[in-house]
Amino acid sequence: MKNSNSIYPCIWCNNNAREMAGFYCATFPDTKISDENPAVVMLEMSGQKLMLLNGGDRSTPNPSISLMYLTMSENEVETIWNKLVQDGESMMPLDAYPFSPKYGWVQDKYGVSWQLYTARDETHIVQKIAPTLMFVGDNNGKAREAAGFYTSLFPHSQLRGMLAYTGEEGEVAGNIQHGEFIINDYLLMLMDSSWEHKFSFSEGVSLVVECDSQEEIDTYWNALTADGGEESMCGWLKDRFGISWQIVPARIYEWLKKSPGVMDEVMKMKKLDIKTLREASESTL
């Protein structure tokens with residue numbers, strides 16, 4: 001398995017990131033806290049990053065972005081399921097399905113959605129955890145377009161496959177039932193759903209992109225905010241599909257530890273400026 005740690009999901013927490021981190025460390029194998037501060041707890045799950053952000057009650061996770069957990073072990077899936085479903089909610093029962101000998105979709109007690117998938121072939125597991133984007137409402141039918149857009153923007157990208165609905169499933173023929181794509185060596189999955197859902201993409205689950213240069217930040221920021229996207233504060237934006245991204249310097253956490261002045265500068269910005277943040281980190285040395 002090849003893991004890219006330059007892109008990873010962020011879960012918005014109601015000031016309980018440390019509690020959530022403890023729960024996930026006790027639920028998933030090979031999971032530990034790699035870093036923490038009052039604002040953020042960083043998890044390492046099978047070598048992959050997951051950010052837990054103490055953002056308050058302004059946003060909450062929902063199933064529009066779930067986390068697909070892939071394994072070869074049915075027992076592992078069952079063990080994790082039993083922990084996640086406690087005080088949570090089963091969205092698709094843990095069972096055998098045509099696409100997996102043991103699979104279940106569960107929303108845990110914190111509102112985070114997990115799809116637990118048992119693969120039949122180890123070659124199918126290119127990444128242990130993959131964010132899965134569900135295009136609903138006005139976005140339904142746009143999954144294929146989104147995958148094409150993202151793979152055209154990021155380096156080291158490819159479409160891994162798009163399985164379309166036939167129309168016999170009660171869905172729109174040609175829409176995406178399941179798709180996979182890679183951006184900057186990071187696997188994401190996606191699907192369309194025409195069912196009536198009471199949720200859509202939000203800041204509850206966002207995608208963080210760590211960048212090595214200002215040119216890289218500018219490229220992603222300009223492309224993702226174009227054609228109906230929206231700038232927000234502190235490096236956050238929404239793209240034209242409503243998916244939230246955080247475009248940040250790769251050294252942002254190092255700089256934040258050096259000086260409180262870095263966060264002061266971050267709070268003033270929409271798109272982050274590497275030169276200003278680096279200088280703020282060096283001002284107390």
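Partly exposed means a relative accessible area between the buried limit, under 20%, and the exposed limit, over 50%. The model shown in these views is predicted.

**View 1. Glutamate 78 pairs with lysine 102.** The two side chains form a salt bridge, 3.2 Å from N to O. Glutamate 78 sits in helix α2 (residues 74-84) and lysine 102 in strand β7 (residues 100-107), so the pair ties together parts 24 residues apart in sequence. Glutamate 78 is partly exposed, at 32% relative accessible area. Lysine 102 is buried, at 18%.

**View 2. Lysine 238 meets glutamate 203 in a salt bridge.** The N to O distance is 3.6 Å. Lysine 238 belongs to strand β15 (residues 236-238), and glutamate 203 to the loop between β12 (186-192) and β13 (205-211), so the bridge ties together parts 35 residues apart in sequence. Lysine 238 is partly exposed, at 24%. Glutamate 203 counts as buried, at 17%.

View 3. Glutamate 254 is partly exposed, at 37% relative accessibility. Lysine 258 is also partly exposed, at 37%. Elsewhere, salt bridges with shared partners join Glu145, Asp227 and Arg240 into one network. The model has 14 salt bridges.

View 4. The model has 0 disulfides. For cysteine 13, the nearest cysteine sulfur is that of cysteine 10, 7.3 Å away. Cysteine 13 is buried, at 1% relative accessibility. The sulfur of cysteine 25 lies 13 Å from its closest cysteine sulfur, in cysteine 13, too far for a bond. Cysteine 25 is partly exposed, at 27%.

Methods: Residues are numbered from 1 along each chain as its sequence is written. This is a predicted model: local features need pLDDT of at least 70, side-chain atom pairs count only at pLDDT 80 or more; totals for chains, interfaces and linings use all residues. Side-chain values use heavy atoms; hydrogens and water are left out. A disulfide is a pair of cysteine sulfur atoms within 2.5 Å. Buried means under 20% relative accessible area, exposed over 50%, partly exposed in between (1.4 Å probe, protein chains only). A salt bridge is a side-chain nitrogen of Lys or Arg within 4 Å of a carboxyl oxygen of Asp or Glu. Helices (H or I, at least four residues) and strands (E, at least two) are DSSP runs, numbered from the N terminus.
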